[in-house]
There are 2 protein chains.
Amino acid sequence: MKILLTNDDGIYAEGLCALYRALSLEHEVVIVAPEAERSAVGHAITLSDPLRVRVVRRGRDFWGYAVNGTPADCVKLAFYELVGPVDLVVSGINRGANVGINVLYSGTVSAATEAAILGRPALAVSLAAFSGEDYCFAAYFTALLVENLPSLSSPFCLNVNIPHLPAHLIKGIKVTRQGTRKLKERFEKRVDPHGNIYYWQCGEEFLEEDPDTDVVALKSGYISITPLAHDLTDYKTLSFLQDFRLSY
Amino acid sequence: MKILLTNDDGIYAEGLCALYRALSLEHEVVIVAPEAERSAVGHAITLSDPLRVRVVRRGRDFWGYAVNGTPADCVKLAFYELVGPVDLVVSGINRGANVGINVLYSGTVSAATEAAILGRPALAVSLAAFSGEDYCFAAYFTALLVENLPSLSSPFCLNVNIPHLPAHLIKGIKVTRQGTRKLKERFEKRVDPHGNIYYWQCGEEFLEEDPDTDVVALKSGYISITPLAHDLTDYKTLSFLQDFRLSY
């Protein structure tokens, strides 16, 4: 297969490099990734600034296109200009999980969603670790998943989250839905050396308890796989609103 | 009601000002908006930089909090620090429509989605105009909608798009779903004066044809109202995947 590899941690990220090594054993892998970290950018795209591309090489085999844009920009630019159509888009391996409400903020996920919008199947892959990351198993698992992708009629977008555990302690794979409960979060108010107030945004913890969600599956030691859509319509409310009338 | 007003065009935008005037006739309206334009930022949030707030005054009555962040940041910061819980969040009036796939890229919409995540009902309001904008009718209509909000059990997020037409030429209101067909889009490749290549991203036109969508309703001269969710799970694919197994 021809695979487009991207991420939101930037082209120099260890998780991308691990995935490149694992996937390029069997496939043609082309990297188009942000030149620097673009975490929590959501599905941002760059319209007001020009996009620039440069080729990055690391060592003998690793090269890719670095773009001064978001993950979604990278996928679009790859599709329309740099690479053309591919068989699969893989985004990751992200440093840190992308589950629950955080899925909406995730640049890693938005790259995969963008691929599905453009009609290509896609995986977003994240490792639930923020320190001492070891991407070995996650890269191995992703390559295995790529070899054994489910046959689905329409372009799918799967959000894969992998616990940061030794393989034998991972309990299995769960197909999940995205958790929707709000995070426990807060802003930390500080004063800078010049006497001005500023705030740090802190996501604290998940309050999700539903065992069918990505949040709980991951926390319980399972690899979670959540299929994602790019239709944001709330169909339940839509049916309630069908009789809504307003004279203006 | 106590209403939080925000947008993605920035606190100085005409559409926000028009909405402030229309809503503050009957309600307590507090503005927390980006200090500068943050269009197409999607559901980005700011984690790596501190957020700063300053009070902006324009004329006798208009004041608000300007934040150096995204629309979603504004809603979170308002909720947790600056304003506290409100009865309704209104985001807009955006300069330009937010329908179809563009809903995913929209900062205006993400502010409303963020409100719904935090358990508050919300409206995102956009005017389908990019030049010679007249926000009069759109502001009037939004105020009317606020007075006549449907009674729904859970916090709703309604994405409202208003044609830029004289009121008597608007054909009515349609409750719609979000269009999901990809845009006709392209990148324009240019060379800067220093001989370096750069790209401009250009969304060209909608290819959507389904009359039940926001895209087609708006194009046909209707006000479209689309309820939006923040659960991105693709439930159709989820049911297909229930039997998915993989040995690792």
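Helix α4 of chain B (residues 107–117) is largely enclosed by the rest of the structure, because 11 of its 11 residues are buried (buried means under 20% relative accessible area, exposed over 50% and partly exposed in between, with a 1.4 Å probe and protein chains only). Among the buried residues of this helix are T108(B), E114(B) and I117(B). Helices (H or I, at least four residues) and strands (E, at least two) are DSSP runs numbered from the N terminus. At the start of α4(B), a side-chain oxygen of S106(B) comes to within 3.2 Å of the backbone nitrogen of T108(B), and just after the helix G119(B) has a positive phi of about 90°.

A word on the model itself: it is predicted, so local features need pLDDT of at least 70 and side-chain atom pairs count only at pLDDT 80 or more, while totals for chains, interfaces and linings use all residues. Residues are numbered from 1 along each chain as its sequence is written, chains are lettered from A and ligands numbered from 1 in the order in which they are written, and side-chain values use heavy atoms, with hydrogens and water left out.

Next, the two chains together. Chain A can be laid on chain B with an RMSD of 0.0 Å by a turn of 180° and a shift of 0.0 Å along the axis (least-squares superposition on the C-alpha atoms of residues with pLDDT of at least 70 in both copies). The copies are thus related as by a two-fold rotation axis. Of chain A's residues, G42(A) comes closest to that axis, with its C-alpha at 2.7 Å.

The contact (heavy atoms within 4.5 Å) takes 80 residues from chain A and 80 residues from chain B. The copies meet through the same surface, because 100% of the interface residues of chain A are also interface residues in chain B. Between them the chains bury about 7,300 Å², 67% of it on carbon and sulfur atoms; this buried area is the accessible area (1.4 Å probe) that two parts lose on being put together, summed over both. Q201(A), L232(A) and Y248(A) supply 12% of the area that chain A buries against chain B, more than any other three residues.

Another salt bridge pairs E185(A) with K76(B), their closest N and O atoms being 2.7 Å apart. That pair crosses from strand β9 of chain A to helix α2 (residues 71–82) of chain B. Both partners are buried: E185(A) has a relative accessible area of 12%, and K76(B) has 1% relative accessibility. Shared partners join K76(A), E114(A) and E185(B) into one salt-bridge network.

Within chain A, the side chains of E35(A) and R54(A) meet in a salt bridge at 3.8 Å, N to O. This pair links distant parts of the chain, 19 residues apart: E35(A) sits in the loop between β2 (28–34) and β3 (53–58), and R54(A) in strand β3. E35(A) is partly exposed at 34% relative accessibility, and R54(A) is also partly exposed, with a relative accessible area of 38%.

Terms used. A polar contact is a pair of N or O atoms within 3.5 Å; within protein, one must be able to donate a hydrogen and the other to accept it, and residues adjacent in sequence count only if both atoms are side-chain atoms. A salt bridge is a side-chain nitrogen of Lys or Arg within 4 Å of a carboxyl oxygen of Asp or Glu.
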